[in-house]
Amino acid sequence: MEDIPDLTETDFFKNREKPSYFYSAPQVDLQDKGSWHMPPKYRCDACLAVGYQFQKQFYLEDMRRPKRGVPLTESQIIDVADKLCSKGFQRYGAKAVNNRPRLSGERLKAYYEYGMTGIGPGFIQRMQGLCQEVVGLLEKETLYEMYLNRGEHQLAENICRSFCIKVEMQEYKEDLKTMDLSPKNHKEDE
């Protein structure tokens, strides 16, 4: 039998082509650093995230109830909104996608793109602030009615009309068609 020479790791990789990847961190400007308000360049992504999270939390609360199909009470709606706006959005942050600043997080298109995501207390607080802004603009009971009466993309789309310019809204309508916004297939801890 022929002896097989011991190959070191460097011998093995010496003549192999190594893939190269380049990820750039999202550009942080003064607007990103100094303000506690959501910068305009992230507002459309942020409103989609808020819409999805309201839809998901209302769905999960509906599933916890012993009598399904019975609408949530006013106090339950308030609890869902208060909990989401005060403790939610822990996994959202900025990401550069194709050299364009995008918000990345659960169910957003940028979440599924390769790249570095800048997550921290600044974006968490901005998301929570935008959530409170949405609640102030549309009221908690109205959000729940929108959840009950509309299709799966309508809640996010209706919320975003107030936060996005028309050109951005056209782009996001295309994103909405390809996004899985239905919380039915997603775990509670996501």
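This is a chat about a predicted model of one protein chain.

Student: Before we start, what should I know about how residues are numbered and what counts in this predicted model?
Tutor: Residues are numbered from 1 along each chain as its sequence is written, and side-chain values use heavy atoms, with hydrogens and water left out. The model is predicted, and local features need pLDDT of at least 70, side-chain atom pairs count only at pLDDT 80 or more, and totals for chains, interfaces and linings use all residues.

Student: OK, what does the chain average for pLDDT?
Tutor: The average is 76, and 66% of the residues score at least 70. pLDDT is the predictor's confidence in each residue, from 0 to 100.

Student: Where is confidence lowest, and where is it highest?
Tutor: Helix α1 (residues 9–14) is lowest, at a mean of 51, while helix α4 (residues 74–87) is highest, at 95. Where pLDDT is low, the predicted coordinates should not be read in detail.

Student: How many helices and strands are there?
Tutor: The protein chain has 8 helices and 3 strands. Helices (H or I, at least four residues) and strands (E, at least two) are DSSP runs, numbered from the N terminus. Along the sequence the pattern reads α-α-α-α-β-β-β-α-α-α-α.

Student: In what order do the strands sit in the sheet?
Tutor: The order is β2-β1-β3 in an open sheet of 3 strands, with antiparallel pairing. The edge strands are β2 (100–104) and β3 (117–118), and each pairs on one side only. Two strands pair if DSSP finds at least two bridges between them.

Student: How many bridges join β1 to β3, and how many join β1 to β2?
Tutor: Strand β1 (residues 93–97) is joined to β3 by 2 bridges, and β1 pairs with β2 over 5 bridges. On the β3 side, Lys95 stands opposite Thr117, and Ala94 has Gly118 as its bridge partner. On the β2 side, Gly93 has Ser104 as its bridge partner, and Ala96 has Pro101.

Student: What about the hairpin of β1 and β2: how many residues are between the strands?
Tutor: There are 2 residues between them, and Asn98 in this hairpin takes a positive phi near 55°.

Student: Is β1 mostly covered or mostly uncovered?
Tutor: β1 is mostly covered, with 5 of its 5 residues buried. Buried means under 20% relative accessible area, exposed over 50%, partly exposed in between (1.4 Å probe, protein chains only). Gly93, Lys95 and Val97 are on one side of β1, Ala94 and Ala96 are on the other, and all are buried. In a regular strand the side chains alternate between the two faces of the sheet.

Student: Let's zoom in on Ala94: what is its relative accessible area?
Tutor: Ala94 has 5%, so it counts as buried. The C-alpha atoms of Ala94 and Ala110 are separated by 9.2 Å, and these residues are 16 apart along the chain.

Student: Which helix packs on the sheet?
Tutor: Helix α3 (residues 40–64) does, touching β1 and β2, and its direction makes about 35° with that of β2. Axes are lines fitted to C-alpha atoms, for helices over the stretch in contact, and angles run from 0 to 180 degrees between N-to-C directions. Contact means heavy atoms within 4.5 Å.

Student: Where does α3 bend?
Tutor: α3 bends by about 25° at Ala46. The bend at a residue is the angle between axes fitted to the seven residues ending there and the seven starting there.

Student: Why is α3 called largely enclosed?
Tutor: Because 21 of its 25 residues are buried, α3 is largely enclosed by the rest of the structure.

Student: New topic: where does Ile119 lie?
Tutor: Ile119 lies in the loop between β3 and α5 (121–138). Ile119 is partly exposed, with a relative accessible area of 47%.

Student: Which residues is Ile119 in contact with, leaving aside neighbours within four places in sequence?
Tutor: Ile119 is in contact with Gln90, Arg91, Tyr92 and Gly93.

Student: Last one: is Ala156 buried or exposed?
Tutor: Ala156 counts as buried, at 1% relative accessibility.
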